[in-house]
Amino acid sequence: MTHASPSPGRADAEPVVVARRRAVMALTSRATEAELAAALDRVGRPAFDDIRAPQTGLVMLRGRTGGDGAPFNLGEATVTRSAVRLASGEVGIAYALGRDAAKVRLAAVLDALAQQDAPGLDEALAPVATRLAGQQDLAEARSAATRVDFFTLVRGED
Amino acid sequence: MYVAVKGGEAAIDNAHALLAHERRGDPSIPEITPDQIREQLALAVDRVMAEGSLHDRDIAALAIKQARGDLIEAIFLVRAFRTTLPRFGASEPLDTSAMSVRRRISATYKDLPGGQVLGPTFDYTHRLIDFTLAGGAAPPAPATATQGEAAPHVTTLLDDEGLIERNPSAAPDAPVGDLTREPLAFPASRDLRLQNLARGDEGFLLALGYSTQRGYGRTHPFVGEIRFGTVQVGFHAEDLGFCVDLGTISVTECEMVTQFKGSAEAAPHFTRGYGLVFGQSERKAMSMALIDRALRTAEFGEDVVAPAQDEEFVLSHSDNVQATGFVEHLKLPHYVDFQAELGLVRQLRSEFAARQADLDAMRKEAAE
Amino acid sequence: MSAALKIGFENPVAQSQAVFRAVMMALARPGTVRRLDVPVDAVPALDPAAAAVALALCDYETPVWLDPALAADLQVQEFLRFHTGAPVTEARALASFAFVPLGGEVPALDDFAQGSLDYPDRSTTLVVAVEALAEGEGWRLTGPGVAGEGRFIARPLPADMLDRLQRNHALFPRGVDLVLTCGDRFAAIPRSTQVDA
């Protein structure tokens, strides 16, 4: 499959904006609908229209042969996507694992706000980041407690 | 061959109603919810996701409920569900070296960076029925400890010394075989074999993996590493023009270090077998790795002598949805076929009886 | 993503199905002129019928070749990328679909994917915009889906188009399929059709 040469003049192609949108989406894709609704309430919910109503489909997940080799198709996952347009013109797009249409629609609104660099967005999403980091830390700490400390009982010489 | 017949609609409707009734069981017992299945029968959910080839815990849990716990039936339901959805594309390959590790063990090195992390495992349980579970008391909170160091893949330790073969690489834009898009043809490339095994039946893979250990295609395996944990899923969305983070999934990975090879050109080095499975299933990941290596027999110039080395045999029979479809189709009406066979057997029997009568007559004649 | 992004189909599932059926019927009945009966909010550079074909049939697994004028049109790029996810390719032989707007040059048909004898479906469908389409006059069409013979004309097309279509037909079951669009009307000449003057 051949991809076009980099598309010229993409309005959203500035690296700073892309980095911000990716950071926001890494949170929204793991958030709950309630968390995103709360974040939007904090930052101020803008007027928007759907330009693509939330749609659930599949993404084929790939692994790598031996962990770091050539890709292979491992199996699919459900993914939901959505696109909205704010009254101010920005088009927000969101993708997330799962089938939660309402959540992904809110994530698309937040993606549009990320393009505006809306003030207070990071703060509004901070509770999500805190929860996710806390869960991951706890899970890793619990596994760390199952790490084996070996001690030698007997070393046979004869 | 089966023959389509009509009739029995009322019987079928009633059978479905009876099935729904039996599914519910004793109504005085609280009904199980998919959430309970997802949380408390998590390994059944993992198996249904792996062999259903669809990562969606809630769909898998609901399928298990609908199938009354018949996991192959649940897998069938999940496979049917996925056909109703459009595909948006393929993810970036999962980076298992960046896994947030819940469990990680190696049978080749005792002390290794990241350590041996047992995680949630049955391995050291005594396999005694725990009657306290029947009561439903809350378990004690798990202990915590300071997180350890990073856990690189064990095989990189061997790789650094050139002691193990390198994994095959591919050009970034090289097509990746997909047996859900193109029918499987033989010989199958390794990407297709791994896809087939990843969705293959755990029992079938286990038995074949076991057979290689018992001498039917030995590979002399060591568990280089098994790891289970969560990995991030990246997806390049064409409409966005950049790669986004879709969320996190859990996978089990097994790297087998297998039979070493060497030649006039190449110094002796170990070979590899690889397993990667949705969710927590090291039995499946290990079996997959054993069979991946066994299926590479011809690649290493060895003779294909055992079932686990025969890719057409393995790949054609690994899928439990296909297998159950063909085995269970024998239940469908074969009335006409059977009538034909019945007629043939009756004719053969009458010929046999006539021959017997002739023989009896001849014997009688000879005796007189 | 610009504020001017066109919506495409209001109701993607039902409208895609309707367009799929209409295109299937156009290919099954070569040279019959059909009208798109679903509204489509399309970019100006694409005929509504051409845009509808793209929305209904293109996806991330169907590389698309674009005429240079379309390829340079940011709105077209954005429209296709957003709604179909189809990768744009410059390699005609890799394209599942190719789009030529009014006034664009129709490349040699055998530059495109011709399919193989095993997989004749792995070929390009060309979607070419014209100023005028009519049935009942012009070229004589015969073959599957044409009762007796049909007449069909489209303008403007390259002077040697008849010769190209005849050579394309000679490759059957390989070869490309042609969809001609004119505003919200369209017709098709599949590779199975014999075209004569």
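In chain C of this predicted model, six strands form an open sheet of mixed pairing, in the order β1-β8-β7-β4-β3-β2; strands are DSSP runs of E of at least two residues, helices runs of H or I of at least four, both numbered from the N terminus, and two strands pair if DSSP finds at least two bridges between them. Strands β1 (34-35) and β2 (64-66) of chain C form the edges, each pairing on one side only. Within the sheet, β4 (residues 125-129) and β7 (residues 177-182) of chain C run parallel and are joined by five bridges, with C:A129 opposite C:T181. Chain C averages a pLDDT (the predictor's confidence in each residue, from 0 to 100) of 94, and 98% of its residues score at least 70.

Between chain B and chain A, 77 residues of chain B are in contact (heavy atoms within 4.5 Å) with 58 residues of chain A. Six salt bridges are counted between the two chains, a salt bridge being a side-chain nitrogen of Lys or Arg within 4 Å of a carboxyl oxygen of Asp or Glu. One of them links A:R52 to B:D239, with the closest N and O atoms 2.4 Å apart. Strand β5 (residues 242-261) of chain B contributes eleven residues, the largest share of the side of chain B that touches chain A. For the complex, the predictor gives an ipTM of 0.92 and a pTM of 0.87.

Residues are numbered from 1 along each chain as its sequence is written, and chains are lettered from A and ligands numbered from 1 in the order in which they are written. Local features need pLDDT of at least 70, side-chain atom pairs count only at pLDDT 80 or more, and totals for chains, interfaces and linings use all residues, while side-chain values use heavy atoms, with hydrogens and water left out.
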